[in-house]
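Here is a friendly walk through one protein model. Please keep the sequence and the 3D view open as you read.

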Amino acid sequence: MSALIRNLRPALSGLLRSKPAIRTPLPLPSSTAPRPRCYHAPSTRRSHEVLQSAGLGRLFQRDFLVRRPPPSSPHAPVVPLPRPRHYSSSRPRSSSDVKSQIVFAGVVIIVGGAVTICYGTFETVPYTNRRHFVVLTHSGELKLGDWIFTGEKKKLGDKVLPPSHPAFVRVHGIASEIIRAAGRSLAVHDDDKLLDGEIWVGDAAPSPKKKARWGAPQQPTTKHLDGFKWEVIVVNNKQVNAMCAPGGKIIVYTGLLDKFSTDAEIAAVLGHEVAHAIARHTAEGLTKHMWILMLTVFLGIFIDEPKMIDKLAKYLLSLPFSRKMEIEADHIGILLLAAAGFDPRIAPKVHEKLGELGGNSSSFKEYMSTHPCSKKRTRLLLDSKVMDKAMALYTEARARKEEIDQ
């Protein structure tokens with residue numbers, strides 16, 4: 001009996017259940033009928049949550065936006081909408097922008113060309129006999145060095161050690177030896193090219209036997225040293241650094257004295273910094289960067305990607321040029337070190353230690369830095385052509401010192 005009742009229960013429930021009313025299909029909207037109102041999906045998550053709490057249902061269905069009817073029309077059909085378009089944040093340049101860019105590039109190129117023609121001159125770097133082109137005059141370079149040095153002293157303030165401080169006395173004595181060696185060795189400078197041509201790819205480094213364009217012999221340019229007013233200050237700072245501004249303005253930080261204990265190590269660093277001033281690297285750097293600016297402004301007419309142009313100019317032009325200047329300063333510095341009576345074999349060790357302290361000891365990081373890696377600098381300084389010449393100057397300086405002591 002119970003089994004029979006269980007079998008009859010579905011049949012009875014089906015008979016007792018009322019039949020659903022027949023739903024008539026809604027007429028399709030005609031072209032004259034007003035279109036249903038559209039509720040556009042907001043772009044923020046907070047607005048989406050507000051609509052969800054209001055019972056408006058999902059805003060997205062199967063990855064496309066749907067058209068929702070008003071709540072009063074529950075049977076209105078759901079009509080899919082096209083995907084929203086996404087526009088780039090950078091707007092295309094208008095014709096007026098392009099014209100302004102062309103005018104600006106023309107002004108920069110004309111001014112740069114005029115400065116190059118009026119003030120540009122070829123010079124031969126002492127020791128390395130490399131020909132370079134500079135647009136900054138000697139007097140302008142001296143004024144620039146004074147301005148840099150005055151600003152640094154004003155900014156440092158009380159951190160500059162007095163002349164009576166032992167650290168200043170020590171650094172001043174070492175710097176004096178380097179400066180005297182520079183003047184003495186430049187007076188008897190020979191014409192043998194020190195650096196190999198492969199280091200200066202793209203730079204003019206002709207044989208010393210050749211003549212200049214106007215027939216004058218290529219002699220090292222040392223006239224700018226006559227206007228140097230050498231000055232040394234020591235700064236109480238843990239930074240391991242030193243610099244020499246144009247005009248012979250030397251700044252040494254006490255952090256360098258803490259890391260290097262011997263006078264020969266300090267002399268190796270000072271020789272490198274003084275070499276930048278002797279080679280007029282500041283004037284040459286301003287010249288090269290002026291040309292790089294002209295190139296980037298010109299490319300900006302055709303390429304609307306200033307960040308990409310800046311990065312290309314930095315990694316393909318600016319940083320390689322800076323590394324070449326550092327290599328040349330290493331070679332001149334080791335000769336100054338030897339001519340001052342310090343053992344030049346200490347210089348490769350100093351640069352290797354500086355690379356470890358600065359984290360620039362690998363060849364991979366070299367391409368992202370203004371300085372070459374310490375391994376490359378050490379290898380170039382140990383080259384027989386460089387080290388033999390440095391050892392000859394060192395032997396001569398030691399013999400002269402012994403003669404004076406007697």
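## The model as a whole

This is a predicted model, in which local features need pLDDT of at least 70 and side-chain atom pairs count only at pLDDT 80 or more, while totals for chains, interfaces and linings use all residues. Residues are numbered from 1 along each chain as its sequence is written, and side-chain values use heavy atoms, with hydrogens and water left out.

The protein has 13 helices and seven strands; these are DSSP runs numbered from the N terminus, with helices being H or I of at least four residues and strands E of at least two. Of its 406 residues, 37% count as buried (buried means under 20% relative accessible area, exposed over 50%, and partly exposed in between, with a 1.4 Å probe and protein chains only). Among contacts (heavy atoms within 4.5 Å) between residues at least 6 apart in sequence, 68% join residues at least 24 apart.

After the helix comes G157, with a positive phi near 65°.

Which residues of α4 are buried? They are E141, G145, F149, E152 and L156. Viewed down the axis of α4, the buried residues fall within an arc of 65°, so they line one face of the helix (the arc is that of the directions from the helix axis to the C-beta atoms). K143, W147, K154 and K155 are exposed on the other side of α4. The packing partners of the buried residues are β5 (231–235), β6 (242–245), β7 (249–253) and α8 (281–302).

## The three-stranded sheet

The strands β5, β7 and β6 form, in that order, an open sheet with mixed pairing; two strands pair if DSSP finds at least two bridges between them. β5 and β6 are at the edges with a single partner strand each, so one side of each has no neighbour in the sheet. From one strand to the next, the twist averages 15°. α4 packs on this sheet, touching β5, β6 and β7, and its direction makes about 30° with that of β7. Axes here are lines fitted to C-alpha atoms, for helices over the stretch in contact, and angles run from 0 to 180 degrees between N-to-C directions.

β6 and β7 pair in the antiparallel sense over four bridges. M243 stands opposite I251 in β7, and A242 has V252 as its bridge partner. The two strands β6 and β7 make a hairpin with three residues between them, and G247 in the turn has a positive phi of about 95°. Helix α7 (residues 263–278) lies across β6 and β7, running at about 25° to β6.

## Two buried loop residues

F228 sits in the loop between α5 (166–187) and β5, and counts as buried at 9% relative accessibility. F228 touches L142, G247, G248 and A277, leaving aside residues up to four places away in sequence. Between F228 and H138 there are 90 residues in sequence, with a C-alpha to C-alpha separation of 9.9 Å.

S369 lies in the loop between α11 (363–366) and α12 (374–381). S369 is buried, with a relative accessible area of 18%. A polar atom of the S369 side chain lies 3.1 Å from the backbone nitrogen of H371.

Conventions. A polar contact is a pair of N or O atoms within 3.5 Å; within protein, one must be able to donate a hydrogen and the other to accept it, and residues adjacent in sequence count only if both atoms are side-chain atoms.
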